[in-house]
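Hi,

Here is the structure I promised to pass on.

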Amino acid sequence: MAKLIDVEERDINYIFGNPRPYSLDVYQRDYRWSDDKEYKIVTQLIIDIELRFENNLKLNKRNQSSELPNILKDVDENFKPYFLNTIMLNQQGSNIYIVDGQQRLTTILLLLIKLYHIGIDKGEAVLNVKKFIGEKIYEEDMASVKHFKISNVDRNTIIKKIFEEETILDADITNITQLNLKDNYQIISKYYDGYFYDKNGSFNAVKYNYYVYNLLQKVLIIEQVIKHKEDVAMIFETANDRGKELEPHEVLKGMLLGVLDTDKKEECNVIWNDGLKTFFNIDENYKNVDDFFRTYFRAKYADTAFQYQQFANKYHRNLLSNDKIIKDLDRSNPSKIEKFIKNDFKYFYKLYLQISAHAKNGTNINIASNYANEQGQQFLLILSALTLNDPEHDAKINLVAKKFDQFFTISSLISAGDNNKRQKLYYDLNKAIRNKPLVEINDAFDSVTIPYFNENNFSITVFNDIFQYKNFEKAKIDGRFSKYVLSRVDRYLADLLNEQSFAKQESLHFITHSGNRPTHGFHIEHMFSNNEKIMDQFKDGKGEFDEKLFIEERNRLGAVILFKGNENIRTSNWIFKKKLKSYQQSGFIWNRILTNSVNQASLNNCTHDIKKHFKSYEPDTDGLLTREAINERQELLFRIISEIYSN
């Protein structure tokens, strides 16, 4: 049988002594080694090399001379090797491509550059640094242009700056590879600066020479050379679908771009990398790249809960098992892969980022609402509904986000099911609205959500049937969600009355999630506090305190308001009369309606019938807010919520 791979044992001297630079094929992953993670892989590599080197010095060193030939002979004959793992290469014409192993080879290149910097000005005390290290770092052509031994467009500029000891600016960093090159060189540089100098700052030339010779001759790599170009993509996929550092989108890139011809591969690589750079520029990482692909494949190909879960981790494996994906992304038909990258990938990753921007910037109220409630499934449903270059792009985004916000908020308010039940419903929604025209989406949503409410003991025929006060009468506080509801209500009132409110000055997400900030955060204030006078309202005919009723009433949504800062702590057990001023100055319209402190001109200019139900309250003879006031506030909240969320 013909061999697929030739295998040889090589040392660093041989690997980096190759006269031609190693190239990275376009589908290769980024340089991802970093000490940012729990396992500090760069530092650990240096430590591992140092430990074997120090052990050699202690146990195997025989030479007592500082002469270079004697040191070289001692290392060559007596030092034990250190095995650094494997690399996989493929030679195509005059180019040698790294298929696997570029992480460790790139890191070794950085080690060599630092050793070069340390030794280049030490004169005859050290080996010929320019020849024995410099020529391992780069080749110089007849025009004196340096070609670094690990060559790739994304990294050459940064490596050149590192080698020439130029300042790397923030503007120079456009992807994770460049960031890790800069950061890892700083780690390496700091480590070696303390290794070859004693406590008095004296340079130990003998130790340096021994170390360099040991690194070049005794650090070994198993070199695997793939003999045929057509086998590269398959072997890359197999070799790289493991390993701690590889992300699914990196394997996916290899699986897709690896089947394209050179010209098409280069074109698609530019599009792919532009997408990754866009993600990187937002968060300085690629986490959301995998979130995007996972969401996209689920949106377009997951019809069941089981298929949905198949995309949870190594989603790229579905290219080999999901029949619909196999058909659409048929790797035996490269034109389909090219079409996907140039069209679908480009359109849908931009859509994904557009949704994210709306969420974080608050530029779409429904998307911002779902973001405040941490309902990331809106990405799934929006991507499901939209088609490539959708002519109804914006309208579909708005409608799907609105229907999703509507369902989640109402089902949560009336306690129709829980998050587990809702998640099962999202599987059905995903399939129901997939690629639907705008005119069908509302009905498609309702065809799934109406049965859900019926199954959870809310009998309705059309969605708006859910808006009956009996369903909302017992609505109560529910952690952060209640802060969202009150802030959304206040934003509605601010728009209605053209008034200022904290709910418009701050994002819904900030208000909802700011509870751990006592000074600048937003908190729920119970108007029925643990005050004896207030609690007296909950005594039965025998004069006994009904604790259960008290807790139920004080936790109704109509019995709470939003406060900013620690005002609710300062006034926690005061009665209504003492709290009036705080409520009036609280910065929320819902609170000002309670205390008759809404600007009268704003009320006069409002033409909406809802204002007829606005009611303020004076303290009773004991300075209290009555229980009837809570009932009326609860009903007014219901009316406002109906205005916001009904079809």
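Start with helix α16 (residues 365–372) and helix α18 (residues 393–413), whose axes come within 8 Å and cross at roughly 40 degrees. On conventions: axes are lines fitted to C-alpha atoms, for helices over the stretch in contact, and angles run from 0 to 180 degrees between N-to-C directions. Helices (H or I, at least four residues) and strands (E, at least two) are DSSP runs numbered from the N terminus.

Before going further: this is a predicted model, so local features need pLDDT of at least 70 and side-chain atom pairs count only at pLDDT 80 or more, while totals for chains, interfaces and linings use all residues. Residues are numbered from 1 along each chain as its sequence is written, and side-chain values use heavy atoms, with hydrogens and water left out.

Back to the pair. The angle makes α16 and α18 oblique to each other (under 35 degrees counts as roughly parallel, over 145 as roughly antiparallel, 65 to 115 as roughly perpendicular, and the rest as oblique). Their crossing is left-handed, that is, the near helix is turned anticlockwise from the far one by less than a right angle; clockwise would be right-handed. From α16, the residues Asn366, Ile367, Ser369 and Asn370 meet Ile397, Asn398, Ala401, Lys402, Phe404 and Asp405 of α18, where contact means heavy atoms within 4.5 Å. Sorted by class, that contact has 4 nonpolar, 4 polar and 2 charged residues (Ala, Val, Leu, Ile, Met, Phe, Trp, Tyr, Cys and Pro count as nonpolar, Asp, Glu, Lys and Arg as charged, and the others, Gly among them, as polar).

Leaving aside neighbours within four places in sequence, Asn370 is in contact with Gln375, Gln378, Ala401, Phe404 and Asp405. Its C-alpha atom is separated by 9.0 Å from that of Thr409, 39 residues apart along the chain.

α18 has another partner. Helix α15 (residues 334–361) packs with α18 at about 45 degrees, the axes being 12 Å apart, which makes α15 oblique to α18. This crossing is right-handed. Tyr347, Leu351 and Gln354 in α15 meet His393, Asp394 and Ile397 in α18, giving a contact with 3 nonpolar, 2 polar and 1 charged residues. Ile397 of α18 turns up in the α16 contact and in the α15 contact.

Now the sheet. It is open, with 6 strands in the order β1-β8-β3-β4-β2-β7 and mixed pairing (two strands pair if DSSP finds at least two bridges between them). The edges are β1 (5–11) and β7 (150–151), each pairing on one side only. Here are the pairings I looked at:

- β3 and β8 run parallel, joined by 7 bridges; Tyr82 has Val219 in β8 as its bridge partner.
- β3 and β4 run antiparallel, joined by 5 bridges; Gln92 stands opposite Asn95 in β4. Their hairpin has 2 residues between the strands, and Gly93 takes a positive phi near 65 degrees there.
- β2 (residues 22–24) and β4 (residues 95–100) pair in the parallel sense over 3 bridges; Ser23 stands opposite Tyr97 in β4.

Helix α4 (residues 102–119) lies across β2, β3 (82–92), β4, β7 and β8 (219–226), running at about 110 degrees to β3.

Most residues other than glycine have a negative phi. Asn435, in the loop between α19 (419–433) and α20 (438–455), has a positive phi of about 60 degrees; at 39% relative accessibility it counts as partly exposed. Asn596, in the loop between α29 (589–594) and α30 (600–605), has a phi near 55 degrees, and at 56% relative accessibility Asn596 counts as exposed.

Apart from neighbours within four places in sequence, Thr449 is in contact with Phe407, Leu425 and Phe463.

Cheers

Conventions: Buried means under 20% relative accessible area, exposed over 50%, partly exposed in between (1.4 Å probe, protein chains only).
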